[in-house]
Amino acid sequence: MPLLDSPEGRSDGGYAVSDFRKVKPELGSMEDLECLAEDCHGRGISDHGTGKLYVAS
């Protein structure tokens, strides 16, 4: 599921990103995403075998 802000009216399912530093408003904020990434890391959950979750800030 795409998390980042995407242009209105696109039929690409939200995968066209308009701002790589902004979470979709209905999902929260970048701070919320950063907290989620930290919590996941603390629980041993990582991204695709890289060993970490990355949040651009």
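1. Asp5 and Lys22 form a salt bridge, with 3.8 Å between the closest N and O atoms. The term here means a side-chain nitrogen of Lys or Arg within 4 Å of a carboxyl oxygen of Asp or Glu. Asp5 belongs to strand β1 (residues 4–5) and Lys22 to strand β2, so the pair ties together parts that are 17 residues apart in sequence. Asp5 is buried at 16% relative accessible area, whereas Lys22, at 40%, counts as partly exposed. Buried stands for under 20% relative accessible area, exposed for over 50%, and partly exposed for what lies in between (1.4 Å probe, protein chains only).

2. The model is predicted; local features need pLDDT of at least 70 and side-chain atom pairs count only at pLDDT 80 or more, while totals for chains, interfaces and linings use all residues. Residues are numbered from 1 along each chain as its sequence is written, and side-chain values use heavy atoms, with hydrogens and water left out.

3. On confidence: pLDDT is the predictor's confidence in each residue, from 0 to 100. Its mean over the protein is 77, and 74% of the residues reach 70 or more. Confidence is lowest in β1, with a mean of 80, and highest in α1, with 87. Where pLDDT is low, the predicted coordinates should not be read in detail.

4. The protein has 1 helix and 2 strands, in the order β-β-α along the sequence. Helices (H or I, at least four residues) and strands (E, at least two) are DSSP runs, numbered from the N terminus. Of the 57 residues, 21% are buried.

5. Contact means heavy atoms within 4.5 Å. Among contacts in the protein with a separation of 6 or more, 16% join residues 24 or more positions apart.

6. Val23 is part of strand β2 (residues 19–23) and is buried, at 7% relative accessibility.

7. Helix α1 (residues 30–42) has 13 residues and spans 18 Å from first C-alpha to last, close to the 18 Å expected at 1.5 Å a residue. That expected span is 1.5 Å times one less than the number of residues. After α1 comes Gly44, with a positive phi near 80°.

8. Which residues of α1 are buried? They are Met30, Leu33, Ala37 and Cys40. Seen down the axis of α1, the buried residues fall within an arc of 85°, so they line one face of the helix; the arc is that of the directions from the helix axis to the C-beta atoms. An α-helix has 3.6 residues a turn, so residues three or four places apart point the same way. Strand β2 is included in what covers the buried residues of α1. The face turned away from the buried side carries the exposed residues Glu31, Glu38 and Gly42.

9. The structure holds 2 salt bridges. Besides Asp5 with Lys22, the side chains of Arg43 and Asp39 pair at 3.2 Å, N to O. Arg43 is exposed at 63% relative accessible area, and Asp39 is partly exposed at 38%. Side chains of opposite charge can pair when their charged atoms come close.

10. Glu26 sits in the loop between β2 and α1. Is Glu26 buried or exposed? Glu26 is exposed, with a relative accessible area of 61%. Glu26 and Asp5 are 21 residues apart in sequence, and their C-alpha atoms are 9.7 Å apart in space.
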